[in-house]
Amino acid sequence: METGSSVSKGTFAYKGKKRSIDADQYFKRSDTLGTYRQRLDVLQEAWENIDTQIQILRSDLNSKIFDDLVKFAKSSHESFTLGGGQIDSTPKEIPTAAFVTGVNTPDHGVMFSTLVTTLQDKVSPLVAILKSKDCNSVKNTLSKTLTQLFQNPLLFSEDDEAIPGNTKNMTCSMSTLVSWYQDKYNTNNSSPKKRKSLGGGSKDLGQYPPIVILFEDLESFLPHVLQDYISICRNYIGEIPLVFVFGIATSVSAVHRLLPNAVSSMLCMEKFQAPPSTEYLNMVINQILMTSRYPFKLGSKVFQLLLDIFLYHDFSVLNFIKGLQFAMMDHFFTNPVSHLCCSVEELEDRVTSLKPKEVEQVRRLMSFRGFVEGCPPSKQEDMLLNDKVTKLEFVVLLRRIHTYHSHLYPVLKCLHIMVSKIPKHPLGKQLREVYSRLLKSFICDTEDYKECIELLRMTSKDELMDLLQQCRSSLTEDLPPDLSTLPSDLDALLDRFLKIDEVTEEETPENTEESLHLEKTDLHTLRKRLQEEGKKKKKLSPYEKLRNETIDFFDSLFRKYLVCPTSLPLYEIFYYDAWGEIKRHLNASPRSVVQMALSSPHHYLQCKCCESEPGSVTPSMPDICIAYKLHLECTQLINLYDWLQAFVTVVTTDEDLDEEKIKNPDKELQYPFTYCDKCVQMFTSVIRDHVLARFIRAVSELQFLGFVKPTKRKTDHVARLTWGGC
């Protein structure tokens, strides 16, 4: 698109059509086995189920706090009447809900949109939401409020033709809102038909529904705008039922930092605390990733990377879910046999329908190759040459992974309960930390696990019984057959602890001490006696015996079921661990991304004109890319004139408007004009000025990006700030 001609006339926004990508065509581009359609179907079905569950979790998490806000908004103006006057001479305070949402700002948009829908359904249809970016003045704030309440976005537009005729004379003020509200809900002077339409609807929202105004990001509002807006609204609180909801990311003290005492005294605030984002994250991990309902799983590196982005960057569960969605898409896009990542019911049919090329692709998986190497030689030949035998083995191995998942998560929760209260938390405090360690290696062989087992052998009776009770409560009824007896085993252990009468049989060391001091002995004899005393086994109490038996029971349970998933054959079909792809797309380094874009614009633009060999410079590249590649060939100080001459040489290589063609134009182009020497010089200078302007803009952009800077050492030079071949 040509944009250079419009620079001198003004700046225009270009609203091009968004490129819609067909999923079938996108998957088909990298398809080598003809399985793209099956993979796409499995992906869409899996994500639809996961997304439905996420929506349920979100509604369950916010249901309590939303119910409290609805109750507050309903009860704020229960006794409000139009034209009833005020009992006190002073205006009332504005009911205000201080809604502390937390610092996970990317999630606030979804939360407030859900809150607006809830308030409109249960409290009042008159709900407006204000954002700081739209409210840089009191007039804009009032305009945004009225346009949302009147449901007319073009109400106060500068374009008179877009404003309806009956609203052209409206002024942007609170008095306009008061007149509109009283005219709409004043049932004393209205007709019976209007009273029936207002009060006989399907929703019982009251005769005078409150006007709820939400401030999504209160800390970002300009203080003077917020103060003036609140002062104006307070003057009309006796005429219209106003309710404020402040969206606060940090703490309630932010209100007092923004508002002086004279303004904050106009508000009657009540605090509402939203659940922390970590609680929502734990729910997503426990019910989406740590369950056997969804076959797709994250590998150790990807899972840890998404956790690190959440904990150290934005606290956004929404971004975590987007990362999960991208991991699913990339897994099914890059893995040709990922359509086998399906439910157990569909597994056998999909394996049976595998083509020879697909069977060979599965054979190439590293985990399956290791499994074949461990088989007897006679079986190895069948596994590598006989497709029928191989498919039967595929079914067995894939079902084993499904069984592994059904056993893993109940036992893993028991491990987390047992080790969560150990001092210093060797295996982690949260369940997600224990799960992350399990994905890396066999957790029972780690030193931290052995330390936890040793510390559990010193637990008191009350603490151990409490841990057993928690483990019993965490087990659901839908356990796999191999774990069906686990609840009854735990109940039996609890009964034995209740019946046991702990008798501490303490040995009195007086006789030993007396025997040691009865006669004088040398150092060698004393050491020998002490070694003999140490070899004697201490007699254990009944509780200690039962405690050791219990810890041994859990230890054997953990070692049997908490196996690292990477040790299972064909685990690559279910687990996605392309850590580099996730980091490159979701947590890319800005500097490396910019350098990649400047050195290889084709990587992002995907256009044929920018495609070139590494290290080469073509005139079809963007100007900033040409200037960047030329500056890589320079030393610490870059001569601007030499840089400009190199730039001109590159960009005018393929241009037709050079001096020779201008001096000797074609006859068809020359007629009916004639070129004189003055015209040729003027035309040439225009072209040169245009190239010079392009060069200046490219250098300015590189300076803005931090690649070059002016220097006082030489006036016609710039200093280079980066080094390397990127």
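I took buried to mean under 20% relative accessible area, exposed to mean over 50%, and partly exposed to mean anything in between.

**Entry 1. Overall picture**

I worked throughout with a predicted model. On the definition above, I found that 41% of the 726 residues of the protein count as buried. I then looked up the secondary structure, which comes to 32 helices and 10 strands. For the surface, I noted that the protein exposes about 41800 Å², of which carbon and sulfur atoms supply 52%. Among contacts with a separation of 6 or more, I recorded that 74% involve residues 24 or more positions apart.

**Entry 2. Nonpolar cores**

I next asked which residues have the most contacts inside the largest nonpolar core. They are Leu 415, Met 418, Phe 558 and Leu 570, in a core of 109 residues. Helix H17 provides the largest share of this core, with 15 residues.

**Entry 3. Helix H18**

I examined helix H18, residues 431-440, and found it mostly covered, with seven of its 10 residues buried. I listed the buried residues as Leu 431, Arg 432, Val 434, Tyr 435, Ser 436, Leu 438 and Leu 439.

**Entry 4. Aromatic pairs**

My search of the whole structure gave 23 aromatic pairs. In one of them, Phe 150 and Trp 180 have ring centres 4.8 Å apart and planes at 50°. I classed this pair as tilted because planes under 30 degrees apart count as stacked and those over 60 as edge-to-face. The pair links distant parts of the chain, 30 residues apart: Phe 150 is in the loop between H4 and H5, and Trp 180 is in helix H5. I checked the accessibility of both residues. Phe 150 is buried, at 15% relative accessible area, whereas Trp 180 is partly exposed, at 22%.

I also looked up Phe 215 and Tyr 229, which form an edge-to-face pair with 6.0 Å between centres and 75° between planes. Phe 215 belongs to strand E3 (residues 211-215) and Tyr 229 to helix H7 (residues 223-234), so this pair ties together parts 14 residues apart in sequence. I found Phe 215 buried at 0% relative accessibility and Tyr 229 buried at 1%. Both residues belong to one aromatic cluster, together with Phe 221, Phe 244 and Phe 246.

**Entry 5. Positive phi values**

I then turned to backbone angles. Gln 151 has a positive phi of about 55°, although it is not a glycine. I located Gln 151 in the loop between helix H4 (138-149) and helix H5 (174-185). Is Gln 151 buried or exposed? I found Gln 151 exposed, with a relative accessible area of 66%.

Phe 315, another residue other than glycine, has a positive phi near 55°. I placed Phe 315 in the loop between H11 and helix H12 (317-334). At 30% relative accessibility, I recorded Phe 315 as partly exposed.

Notes
Residues are numbered from 1 along each chain as its sequence is written. This is a predicted model: local features need pLDDT of at least 70, side-chain atom pairs count only at pLDDT 80 or more; totals for chains, interfaces and linings use all residues. Side-chain values use heavy atoms; hydrogens and water are left out. Helices (H or I, at least four residues) and strands (E, at least two) are DSSP runs, numbered from the N terminus. Buried means under 20% relative accessible area, exposed over 50%, partly exposed in between (1.4 Å probe, protein chains only). Contact means heavy atoms within 4.5 Å. Accessible areas come from the Shrake-Rupley method with a 1.4 Å probe; for residues, only the protein chains shown count as cover. A nonpolar core is a set of buried Ala, Val, Leu, Ile, Met, Phe, Trp, Tyr and Cys residues joined through side-chain atoms within 4.5 Å. Rings of Phe, Tyr and Trp (its six-membered ring) pair if their centres lie within 6.5 Å; planes under 30 degrees apart count as stacked, over 60 as edge-to-face and the rest as tilted.
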